[in-house]
Amino acid sequence: SGRLVNGPIVSDFTNNLSKYLDVNYVIPCANGTDALQIAFMALDLKPGDEIICPSWTYVATAEAAAILGLIPVMCDVDPDTFNVTAEFIEPLITEKTKIIGITHLSNVTGAILPVKKIVDLAQTKKIPVLVDGCQGAPHLKLDMQELGCDFYAMSCHKMYGPTGVGILYAKKKWVDQLPPYQGGGGMIQEVKKDNITFPGSPTKYEAGTLQTAEVVGFSESIRFIQDVGIKNIMQHEKEITEYGLQELKKNNSVKIIGDPKNRGSIISFTIKGIHPHDIATILDEDGVAIRAGHHCCQILHQKLGLPATARVSFGVYNTKEDIDQLDKSIPNINIAVRFIETNMDTSRGHGIDWTSTPAVQIGGGLIDSLSIPISVSNVTIATLKPMQLLSALKIMQARGKSKLLSSPSVTTLDNHE
């Protein structure tokens with residue numbers, strides 16, 4: 001499209017995306033959030049207009065709407081499955097509804113929205129549908145003609161590529177209607193002293209020089225997905241997710257958030273009595289990388305009465321062995337937190353003795369001035385690995401409630417555990 005096809009490298013990029021999305025053109029953007037902002041600009045929206053969003057919509061859509069003065073109308077989700085259907089949305093539509101903004105795949109519950117059915121409903125009301133597809137694009141088969149949505153935003157870095165590139169697909173009527181939103185080389189047809197003319201769509205949106213290295217990287221990431229095969233990726237992630245759910249549900253202390261009928265490769269969970277940030281910190285020291293927080297979906301967490309959740313998400317590179325490692329590490333979280341709670345409760349006479357003792361060599365790491373009882377309140381401290389113990393100590397310090405004499409002096413010489 002326009003300047004993008006100048007040269008074999010960017011032409012390759014355009015061709016790959018066209019095949020992946022089944023479209024003839026795309027609008028290049030800085031990232032997925034930029035793509036959402038541009039989509040809003042294509043619509044004749046005014047302050048006070050309403051946008052319908054599910055309560056677990058990614059915050060970027062709500063923020064873009066708020067900047068324009070739109071009023072968000074939050075659609076509830078099924079309390080058991082966390083699914084959102086057209087039936088949930090239809091009663092909320094009024095004459096003030098000017099757009100429906102949905103997320104293709106929830107980055108909290110993993111729920112996959114029935115985009116086509118929601119679009120069919122919106123079309124009967126002549127309401128455009130904007131889809132935040134940043135989560136869905138790398139995990140689902142995409143066909144814009146089949147989905148029928150008016151706008152679809154996606155980002156490169158969630159598709160095994162580099163940061164700094166996003167893509168907006170828009171139906172031709174919106175592309176033709178949207179005026180240039182920024183000026184610069186590449187998007188002008190002719191410049192005169194008293195007049196400037198612009199080329200047709202979508203070249204008029206391609207001001208300036210694209211991030212060439214990132215475009216090359218994005219093209220290769222699309223080729224990678226195509227070579228592996230999106231159906232193969234979906235099947236692999238489905239097997240890993242089902243195995244993960246099966247194993248996590250065996251642990252009575254773990255609560256899975258949501259049970260959507262159609263789930264992507266995401267599992268969010270909590271562990272009773274343990275803050276998700278503590279879960280992530282301890283797992284990190286055990287070599288398991290997860291995400292903890294509200295995942296840019298604060299409204300959903302407020303509805304759930306949770307400050308945050310822990311989340312595991314899977315890609316083409318994950319294996320069942322990753323789940324096994326997570327499953328083995330979760331019991332250590334409970335041990336570490338019981339250790340923390342015991343040693344922060346000085347009223348019961350428990351606590352670590354930080355008084356000077358000879359340096360102790362543990363598992364290849366040198367821990368100075370630390371004396372640990374064999375057990376505290378029937379908690380066997382010896383089962384904690386050195387770095388897990390240090391995680392517990394870090395958490396204790398961060399909470400700022402410890403009445404211990406001082407923190408230990410730690411010097412790590414070798415972390416090969």
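Which residues lie nearest the centre of the second largest pocket?

**View 1. The second largest pocket of the predicted model.** Gln135, His139, Lys158, Arg311 and Ser313 lie nearest the centre of this pocket, which is lined by 19 residues, and its volume is about 390 Å³. A pocket is an open set of points on a 1 Å grid over the protein atoms alone, where a 1.4 Å probe fits and protein lies on both sides within 12 Å along at least five of seven lines, and lining residues have an atom within 4 Å of a point. By class, the lining has eight nonpolar, eight polar and three charged residues, where Ala, Val, Leu, Ile, Met, Phe, Trp, Tyr, Cys and Pro count as nonpolar, Asp, Glu, Lys and Arg as charged, and the others, Gly among them, as polar. This is a predicted model, in which local features need pLDDT of at least 70 and side-chain atom pairs count only at pLDDT 80 or more, while totals for chains, interfaces and linings use all residues. Residues are numbered from 1 along each chain as its sequence is written, and side-chain values use heavy atoms, with hydrogens and water left out.

View 2. Of its 32 lining residues, Ile112, Leu113, Leu140, Met234 and Asn262 are the closest to the centre. The elements that give two or more residues to the lining are α4 (86-89), α5 (115-124), α6 (144-147) and α9 (230-248), and α9 gives the most, with seven residues. Helices (H or I, at least four residues) and strands (E, at least two) are DSSP runs, numbered from the N terminus. The lining divides into 12 nonpolar, nine polar and 11 charged residues.

**View 3. Asparagine 252 in the loop between α9 and β10 (254-256).** Asparagine 252 is exposed, with a relative accessible area of 78%, where exposed means over 50%, buried under 20% and partly exposed in between (1.4 Å probe, protein chains only). Isoleucine 271 is 19 residues from asparagine 252 in sequence, and the two are 8.9 Å apart in space, C-alpha to C-alpha.

**View 4. Helix α2 (residues 32-41) and its start.** At the start of α2, a side-chain oxygen of asparagine 31 reaches to within 3.2 Å of the backbone nitrogen of threonine 33. Within the helix, Gly32, Ala35, Leu36, Ile38, Ala39 and Phe40 are buried.

Key
Grid points are joined across faces, edges and corners, and a volume is the space filled by probe spheres set on the points. A polar contact is a pair of N or O atoms within 3.5 Å; within protein, one must be able to donate a hydrogen and the other to accept it, and residues adjacent in sequence count only if both atoms are side-chain atoms.
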